[in-house]
Amino acid sequence: MMKEDNHEETQQNLNHDESLEPASPYTIMAKLFAHLSKSVVDRFGEEGRDAIREGVRTFGEERGRDIARRAAAAGQPNDIHNYLPNYDMGRSDLFEYETEYHPVEIEQNFTKCAFGDQWKADGMEEYGILYCQMIDPAIARGYNPDFEVVHDKYLLKEGNCHFRFQMKTSEKESGSEENGD
């Protein structure tokens, strides 16, 4: 009888083991990125970090160009107002964030991120940050060369990601109007 009880208890534990659930694509991609980055950094040191950053930059710029094409296909210019509506990655409940629109910038604050949360859970922050430092500025630059991102807080460091998306030409134009130029 004791053997049956242990079997049932083990079976119940297996039924509730989250590691047996299918992983989200975000989890799989975060783990893949971290392991590849760790291998490159372990083997090549700072040059490896630079290579990873460069790969993320080119990947991000390609994504940005695709977002611009998506906007163009919808008859929209690749300006600040059409960036997020045409963004290429859906947001699930694995992300928690607030977005505020200001006259010349979009401000976002993420308190939950599937990628950052996974890197923290796995102790891979050192490698995940290589992605975080590069991806959003690169996507913005690919979307529009005058679009830039100030990423001044990181979930992996401060516990939240804070972004300010700004269109450089809009700032210049609004400054010119104020000065009467």
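Visitor: Which residue forms a salt bridge with Arg57?

Guide: This is a predicted model, and in it Arg57 forms a salt bridge with Glu61, the closest N and O atoms being 2.8 Å apart.

Visitor: Why are Glu61 and Arg57 separated by about one helical turn?

Guide: They are separated by about one helical turn because they are four residues apart in helix α2. An α-helix has 3.6 residues a turn, so residues three or four places apart point the same way.

Visitor: And is Glu61 buried or exposed?

Guide: Glu61 is buried, because its relative accessible area is 15% and buried means under 20%. Arg57, with a relative accessible area of 21%, is partly exposed.

Visitor: How many salt bridges does the structure hold?

Guide: The structure holds twelve salt bridges. One of them joins the side chains of Asp42 and Lys38, at 2.6 Å from N to O; these two residues are four apart in helix α2, so about one helical turn separates them. Lys38 counts as partly exposed, at 30% relative accessibility.

Visitor: What about Glu46, which residue does its side chain meet in a salt bridge?

Guide: The side chain of Glu46 meets that of Arg49, with an N to O distance of 3.5 Å. Glu46 and Arg49 are three residues apart in helix α2, which again puts about one helical turn between them. Glu46 is partly exposed at 48% relative accessibility, whereas Arg49 is buried, with a relative accessible area of 18%.

Visitor: Which residues are linked with Glu46 and Arg49 in a network of salt bridges?

Guide: That network of salt bridges also takes in Asp50, Arg53 and Glu126.

Visitor: Changing topic, where is Asn86?

Guide: Asn86 sits in the loop between α2 and β1, the latter being residues 96-102. Asn86 counts as buried because its relative accessibility is 6%.

Visitor: What does Asn86 touch, leaving out residues up to four places away in sequence?

Guide: With those left out, Asn86 touches Ile67, Arg70, Ala71 and Gln76. The side chains of Asn86 and Gln76 are also joined by a polar contact of 2.6 Å.

Visitor: Now helix α3, which of its residues are buried?

Guide: Helix α3 covers residues 114-122, and its buried residues are Ala114, Phe115, Gly116, Gln118 and Trp119. The cover over these buried residues includes α2 (25-73), β2 (105-112) and α4 (125-143).

Visitor: What comes just after α3?

Guide: Just after α3 there is Gly123, which takes a positive phi of about 70°.

Visitor: One last topic, how many cavities of 30 Å³ or more does a search of the whole structure find?

Guide: The search finds one cavity of 30 Å³ or more, and about 290 Å³ of space lies in this largest cavity.

Visitor: Which residues lie nearest its centre?

Guide: Of the 23 residues that line the largest cavity, Cys113, Phe115, Ile135, Asp136 and Phe163 lie nearest its centre. The elements that each give two or more residues to this lining are β2, α3, α4 and β4 (161-167), and α4 gives the most, with four residues.

Visitor: And by class, what is in that lining?

Guide: The lining of the largest cavity has 17 nonpolar residues, together with three polar and three charged ones.

Methods
Residues numbered from 1 in each chain as written. Predicted model: local features only at pLDDT ≥ 70, side-chain atom pairs only at ≥ 80, totals over all residues. Heavy atoms only, no water. Buried < 20%, exposed > 50% of the residue type's maximum accessible area, 1.4 Å probe, protein only. Contact = heavy atoms within 4.5 Å. 1 Å grid on protein atoms, 1.4 Å probe; cavity = no way out; pocket = protein on both sides within 12 Å on 5 of 7 lines; lining within 4 Å. Points joined across faces, edges and corners; volume = space filled by probe spheres on them. Nonpolar A, V, L, I, M, F, W, Y, C, P; charged D, E, K, R; others polar. Polar contact = N/O pair within 3.5 Å; in protein donor to acceptor, adjacent residues only side chain to side chain. Salt bridge = Lys/Arg side-chain N within 4 Å of Asp/Glu carboxyl O.
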